[in-house]
Amino acid sequence: MDSKICKIFFFYKRLLRNMNYSRFLTAVSMARRPSPIRILTELQQRSPPSLISLAGGAPNPNTFPFHSATIQMKNGETVLFDETMMKRALQYSGSSGIPELVSWMKLLQMRLHDPPTAAYSPERGQMELCVTTGSQEGLCKVFEMLVSPGDNVLLDAPTYSGTLAAVQPLGCNIINVPSDQYGMIPDALRDILARWDPADEQKPGSSVPRVLYTIPNGGNPTGASMTAERKQKVYELAQNYDFLIIEDDPYYFLQFQKPWAPTFLSMDVDGRVIRTDSFSKILSSGLRIGFVTGPKPLVDRLVLHIQASTMHTSTFTQLMVSQLLQVWGQEGFLKHIDSVVEFYRAQRDAMLSSADKWLKDVAEWHAPAAGMFLWIKLKGIKDTQKLIMEKALEKEVLLVPGGVFQIHSSEACPYVRAAFSLSTPQQIDEAFKRLSTLIKEAL
């Protein structure tokens, strides 16, 4: 059977069967059961006011010291929490998120990504969504749902230190997939996967990786963004070897060029993509609002974990964001995004200008197409750990040494991560001037 026929065979084989989601779940996740109290709480919230409930153990909102609130927005408009709204905002709510916010986000996802799974049946992997306390909570719970001790997990390298903090304690084997300025390299992933036979994927005890994690846009720390062609190739490998893709995309809305890149979610004909999004970079990091989109059987499992841990994301912050989004509408929201992108594009350009001015003889880098970071390789410096953590403080400039984004942080790394999100262009320029002096003194 030649390779073209083989690809067609695997494609139609996938179409003829549903995903077997149970084989991806850890024993802990499989053991989770719905909370009867949480179910009653959500039933009560969907019921008419005439319902008399003696079931829930919610505190009486009349005892709360807060009465109302008016939140002034920068454009002069206000978000009003009257007494009725405030009572709701300070009370328990459903574990998957307040209904109006979940509905709004679902419509947004369908507009931005047009997921094929939106029209699927639940058992086939219908698109579902839940609210999380920042995307970090969602990401951590996704890993705990899918990763067991001894599993092989694929990550693009280097990667976000928060991801390493979430996945390393799970006792899995992390396999680095090389990347460059355009993100994960599909040929490198194919070479790694070649050590396994795709036919073994369903066998009990198989060591074929079941999870791949990537930050596809403005990656932290590298600033790399995957091309559409690479995403399609990675997705085809996921189909061939039957693994799930965790698409962690907190910088999706900070892409500096339009049209925005197609996402794994937009390509997901199988129901094998779990996507995490965040409002931290575009609305507020302190509100702690993120959301997870993916196949309903897996999102439902994630909600069971939320029931047993945080119970739900803050009702107050959910309502605050929901009220704002209702005022804006999708067009107003996307207009706000454009203004945020314009700010960060100017910040990026300022950093690139200062890098050209001060660092071109002592470092190298690629201009990021999204995100908040410039990934800089220092020439002639084998490891930046001591240079940054000790010497840089003496020069009153601070960056992040690249080693913290490696699986083995003790290994030498010549890179540093510079963030252009907070500092002014003048501060960035002065920082790179000091860094240039520091590097030259170290050589």
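Colleague: Which residues touch the most other members of the largest nonpolar core?

Modeller: A nonpolar core is a set of buried Ala, Val, Leu, Ile, Met, Phe, Trp, Tyr and Cys residues joined through side-chain atoms within 4.5 Å; buried means under 20% relative accessible area, exposed over 50%, and partly exposed in between, with a 1.4 Å probe and protein chains only. In soluble globular proteins, nonpolar side chains tend to be buried together. Here the largest core has 61 residues, and F279, F333, L359, I376 and F432 touch the most other members. Helix 12 (residues 315-358) gives the most to this core, with 13 residues. Apart from it lies another core of 32 residues, including Y21, L155, C172 and I215.

Before we go on: this is a predicted model, where local features need pLDDT of at least 70 and side-chain atom pairs count only at pLDDT 80 or more, while totals for chains, interfaces and linings use all residues. Residues are numbered from 1 along each chain as its sequence is written, and side-chain values use heavy atoms, leaving out hydrogens and water.

Colleague: In what order do the strands of the open sheet lie?

Modeller: Helices (H or I, at least four residues) and strands (E, at least two) are DSSP runs, numbered from the N terminus, and two strands pair if DSSP finds at least two bridges between them. In this model, 8 strands form an open sheet in the order 3-10-9-8-7-4-5-6, with mixed pairing. Strand 3 (127-132) and strand 6 (183-184) are the edges, each pairing on one side only. Strand 3 pairs with strand 10 (residues 290-295) in the antiparallel sense over 6 bridges, and T132 stands opposite G290.

Colleague: Is strand 8 mostly covered or uncovered?

Modeller: Strand 8 (residues 244-248) is mostly covered, with 5 of its 5 residues buried. L244, I246 and D248 lie on one side, I245 and E247 on the other. Strand 8 runs parallel to strand 7 (residues 211-214), joined by 4 bridges, and L212 stands opposite I245.

Colleague: Why does K382 count as exposed?

Modeller: K382 counts as exposed because its relative accessibility is 69%. K382 is in the loop between strand 12 (373-378) and helix 13 (385-394). Leaving aside neighbours within four places in sequence, K382 contacts (heavy atoms within 4.5 Å) A412, C413 and P414.
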